[in-house]
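Biologist: I'd like to learn how to read a model like this one. Could you walk me through it?

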Amino acid sequence: MRQAISVFSRYSLALTKECLAVLSGLSPEALSLVADGYFRENPTHSIVDHHTLALLLTSTTNNTDNDSPSLPCAIFSAFDSASNAGLFSDASTATFSLRSRHATLAARLKKISQITTIASLQLSTTSLIFGLLVEKNKSIYLEDLSGSIKLRVGNHVLKTDHYFIVGTFVVVEGELLDEVEKVFEVVMIGMVPIEPRIVSDSKFGSAPSNYAIPHHTQYQLETILSSPETIDLDPFIVILSDLALDTQESLQNLHILFTGYSQSRITPFAFLLFGPFTSSPTTTLASFTALSDLLSQFPIFKQSKFIFIPASKDPFLTMLLPRPKVPKKYTERLERLGNCVFVSNPCRVNFCGVETVVYASDVKKFERGCIFNRLITSTDSENNTNDSGKANERTPFLKSVKTIFSQTHLVPFANTVAPRVNGFEKDLEVEKVPHLFVFPNKSFESVVVEGCCCVSPGSFKDKRFCAVYLCGLRVEECKLD
C-alpha cells in the first residue's frame with residue numbers, strides 16, 4: 001500500500017481505501033502506468049476513487065491510440081474479483097479476448113461433437129459441455145455464456161496431455177447430479193483438438209499471418225528476415241538460451257562457439273539468443289559491452305543476424321506480458337554493428353518465409369498452475385512408463401506446448417497470475433500454429449505438434465544449444481566439447 005501511495009503522490013493524487021486495496025498488489029511499473037493515465041485523463045481531480053478509476057480503465061481499453069499509455073489488464077481482474085460477476089457475464093471490454101477465443105474454439109469443437117450449454121443440462125443425461133475453468137471458494141467451476149456449474153472430478157478421469165489451468169477452456173463430459181446445487185460429475189475432461197497447420201493453410205492461405213503489430217517503440221513483436229544472395233542453399237539458425245553475459249564462463253563458451261563456426265565454410269543465417277542476459281542491473285551495460293567486443297573479433301558474422309529475446313528473470317524488465325525488448329541504453333554498441341536485432345518476449349520472426357514464434361517462459365509455471373496437480377501427479381506416477389519400461393512421452397514441455405496451441409494463446413493463465421499490458425492481448429494469440437515454435441527450457445526438446453516444429457535448445461550454462469535447418473525444419477542437438 002505504501003508503494004501505491006508513494007507513486008500516486010508524485011502526481012499529487014490521493015487514493016481512497018477501495019483503490020488502495022485494488023492497487024496494492026501491482027508492481028511499481030504498473031502503478032506508474034495507472035497513475036500517469038489517471039493524471040492525463042483527470043488533471044483536475046486530486047482524489048482517486050474506486051468508481052472514477054474503473055471508468056478510466058474501461059475507457060483506456062476502448063482507446064486505440066497507440067501513443068496513449070497502456071494500463072495493465074491485471075487491474076480489470078482486481079475489479080472483477082471484487083464483484084460476484086463471472087468472467088463471461090462481465091460486460092467490459094476486458095473480456096473481449098476471452099469471448100473471441102471461446103467462439104473460435106467452440107466453432108472447432110462443434111465440427112466433431114454436439115455441445116450442450118450449462119443452462120440446458122438435464123439430470124441423468126450424459127452431456128458434453130465446453131467452457132472456462134474458474135476457481136471459486138476452493139472449488140472448480142466451469143463457466144460458459146449461459147452460466148456456471150461446479151465440477152466433481154476424480155483422479156481416474158484425468159487426461160494428462162494438457163495442463164488444466166484456471167483461465168483455460170476445456171471440454172467436459174459427464175452428468176448433472178443436482179439441479180439445485182448445480183454439481184456436474186465428470187467422466188472425461190480434455191481440451192479442444194489443435195488445428196493442424198495444413199488445415200489452417202487451407203482456410204487462411206499459406207501466406208505469412210497478418211499479425212497486429214503495435215507501434216510502441218519499446219516493443220518489437222515481429223521481425224522479417226529475408227534471405228541474402230550470399231547465403232547457403234540450406235540456411236540454418238542457432239538457438240542459445242540462458243545466455244548469462246555477466247559470467248566469464250558464458251563469454252568463453254561463446255568464443256569457442258564463434259570460433260568453431262568461423263572456421264567452417266557455412267555460417268549461420270541467424271543466432272537466436274535468449275536471456276536472462278544478466279543477473280544484476282549493475283552488470284547489464286558491461287555484459288552487453290563485452291559481447292559487442294567479442295562479436296567484433298569475428299567479422300565473418302557480419303552476414304548473420306543476432307536476435308536478442310529477454311527472459312522473465314532479466315532484471316531490467318517488468319513482469320507484464322509481453323515483455324519489452326532490452327532497453328536501448330544497454331544495446332547502443334551492439335546496434336552499431338548493424339546485424340543485431342532486439343525484440344520483445346514473445347515475438348514472431350519470419351525466417352525466409354518460415355513463420356516462427358519465440359517465447360521464453362518456464363514449463364514449471366504450467367505445472368504449478370494446474371488446478372488438478374495433485375491428482376495428475378498421482379496418475380503420472382502410475383503411467384510415466386509404458387509396457388516396455390521406456391519413459392512416457394508426455395513431458396512437461398510437450399504438455400505445455402499442447403496446452404498453448406489448444407488454447408490458441410501463449411499465456412493461458414488468468415490475468416491475476418500472468419498480467420498483460422493493455423492492448424497487446426491479440427499479439428499473444430496463436431490461432432494459426434506457426435511452422436516453428438521456439439520455447440526454451442532447461443533441457444533439449446524437439447517434437448512436431450500438428451505440423452509445427454517445437455524446440456527447446458537446452459541451457460547454454462550446460463554448454464547445450466541447437467541448430468534448426470530452415471529447409472525441412474530439421475533440428476540438430478549440439479553441445480560444446
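**Reading a predicted model**

Modeller: Buried means under 20% relative accessible area, exposed over 50%, and partly exposed in between, using a 1.4 Å probe and protein chains only. Residues are numbered from 1 along each chain as its sequence is written, and side-chain values use heavy atoms, with hydrogens and water left out. This is a predicted model, so local features need pLDDT of at least 70 and side-chain atom pairs count only at pLDDT 80 or more, while totals for chains, interfaces and linings use all residues.

Biologist: Which residues is Ser400 in contact with, leaving aside its neighbours within four places in sequence?

Modeller: Contact means heavy atoms within 4.5 Å. For Ser400, that gives Tyr163, Val363, Phe366 and Phe439. Ser400 itself is found in helix H13. Helices (H or I, at least four residues) and strands (E, at least two) are DSSP runs, numbered from the N terminus.

Biologist: How do I read a helix, then?

Modeller: An α-helix has 3.6 residues a turn, so residues three or four places apart point the same way. Take helix H9, residues 284-295: its twelve residues reach 17 Å from first C-alpha to last, close to the 16 Å expected at 1.5 Å a residue. That expected span is 1.5 Å times one less than the number of residues. The buried residues of H9 include Ser287, Leu291, Leu294 and Leu295. Among the elements covering the buried residues of H9 are helix H8 (248-263) and strand E11 (305-309).

Biologist: And a strand: is Gly174 buried or exposed?

Modeller: Gly174, in strand E6 (residues 169-178), counts as buried, at 1% relative accessibility. Its C-alpha is separated by 5.0 Å from that of Val187, 13 residues apart along the chain.

Biologist: What about empty space?

Modeller: Rolling a probe the size of a water molecule over the atoms shows where empty space is left. Here, about 770 Å³ lies in the second largest pocket. Of the 35 residues that line this pocket, the closest to its centre are Ser312, Lys313, Ser361, Asp362 and Lys442. A pocket is an open set of points on a 1 Å grid over the protein atoms alone, where a 1.4 Å probe fits, with protein on both sides within 12 Å along at least five of seven lines; lining residues have an atom within 4 Å of a point.

Biologist: Which helix gives the most to that lining?

Modeller: H11 does, with five residues.

How values were computed
Grid points are joined across faces, edges and corners, and a volume is the space filled by probe spheres set on the points.
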